[in-house]
Amino acid sequence: MASRPSPEFRAEAVRVALTSGLSRKQVAADFGVGFSTLSRWIQQERKNPEKPTAQSDLEREVAELRRENRQLRGERDVLKKRQQCSSRRE
């Protein structure tokens, strides 16, 4: 009896099937699983998406850093304008 694929293996096969542009038959063959098995994994993933992946954690962090960067640039611009106004008075 064959061992069950790990959750990481399944997740990688689904990710490649959905993002690579290859046909599902090709992805199934590349991963050594049946076409119907891969299709079932994809359906299960769509019904029950797993907890956030490392990629989504990175995307969330990038969004947070961009927000912070915008705020800091705004604060810097306010200070520049204040400095320019005070130098004009002199």
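**Overall dimensions and helix packing of the predicted chain**

The chain has a radius of gyration of 25 Å, whereas a compact globule of 90 residues would have one near 12 Å; the radius is taken over C-alpha atoms, and the globule rule is 2.2 Å times the number of residues to the power 0.38. The model is predicted, and local features need pLDDT of at least 70, side-chain atom pairs count only at pLDDT 80 or more, and totals for chains, interfaces and linings use all residues. Residues are numbered from 1 along each chain as its sequence is written, and side-chain values use heavy atoms, with hydrogens and water left out.

Along the principal axes, the C-alpha trace spans about 85 × 25 × 20 Å. The secondary structure consists of four helices and zero strands, in the order α-α-α-α from the N terminus; helices (H or I, at least four residues) and strands (E, at least two) are DSSP runs, numbered from the N terminus. Of the 90 residues, 12% are buried, where buried means under 20% relative accessible area, exposed over 50%, and partly exposed in between (1.4 Å probe, protein chains only). Among contacts (heavy atoms within 4.5 Å) with a separation of 6 or more, 39% join residues 24 or more positions apart.

The largest nonpolar core holds ten residues, namely Ala13, Val14, Val16, Ala17, Val27, Ala28, Val33, Leu38, Trp41 and Ile42. Such a core is a set of buried Ala, Val, Leu, Ile, Met, Phe, Trp, Tyr and Cys residues joined through side-chain atoms within 4.5 Å. At least two residues of this core come from each of α1 (7–19), α2 (24–31) and α3 (35–47), with α1 giving the largest share, four residues. In soluble globular proteins, nonpolar side chains tend to be buried together.

The axes of α1 and α3 come within 10 Å and cross at roughly 90°; axes are lines fitted to C-alpha atoms, for helices over the stretch in contact, and angles run from 0 to 180 degrees between N-to-C directions. The two helices α1 and α3 are therefore roughly perpendicular to each other, given that angles under 35 degrees count as roughly parallel, over 145 as roughly antiparallel, 65 to 115 as roughly perpendicular and the rest as oblique. On the α1 side, the contact involves Phe9, Arg10, Ala13, Val14, Ala17 and Leu18, which meet Leu38, Trp41, Ile42, Gln44, Glu45 and Arg46 in α3. By class, this contact of α1 with α3 has eight nonpolar residues, one polar and three charged, where Ala, Val, Leu, Ile, Met, Phe, Trp, Tyr, Cys and Pro count as nonpolar, Asp, Glu, Lys and Arg as charged, and the others, Gly among them, as polar.

For α2 and α3, the axes come within 8 Å and cross at roughly 105°, which makes α2 roughly perpendicular to α3. Here Arg24, Lys25, Val27 and Ala28 in α2 meet Phe35, Leu38, Ile42 and Arg46 in α3. The residues of this contact divide into five nonpolar, no polar and three charged.

Arg46, in helix α3, is exposed at a relative accessible area of 57%. Not counting residues up to four places away in sequence, Arg46 touches Leu18 and Arg24.

Helix α4 (residues 54–89) contains Glu68, which counts as partly exposed at 40% relative accessibility. Glu68 and Pro49 are 19 residues apart in sequence and 29 Å apart, C-alpha to C-alpha. Lys81 also lies in α4 and, at 57% relative accessibility, counts as exposed. Lys81 and Pro5 are separated by 76 residues in sequence and by 61 Å in space, C-alpha to C-alpha.
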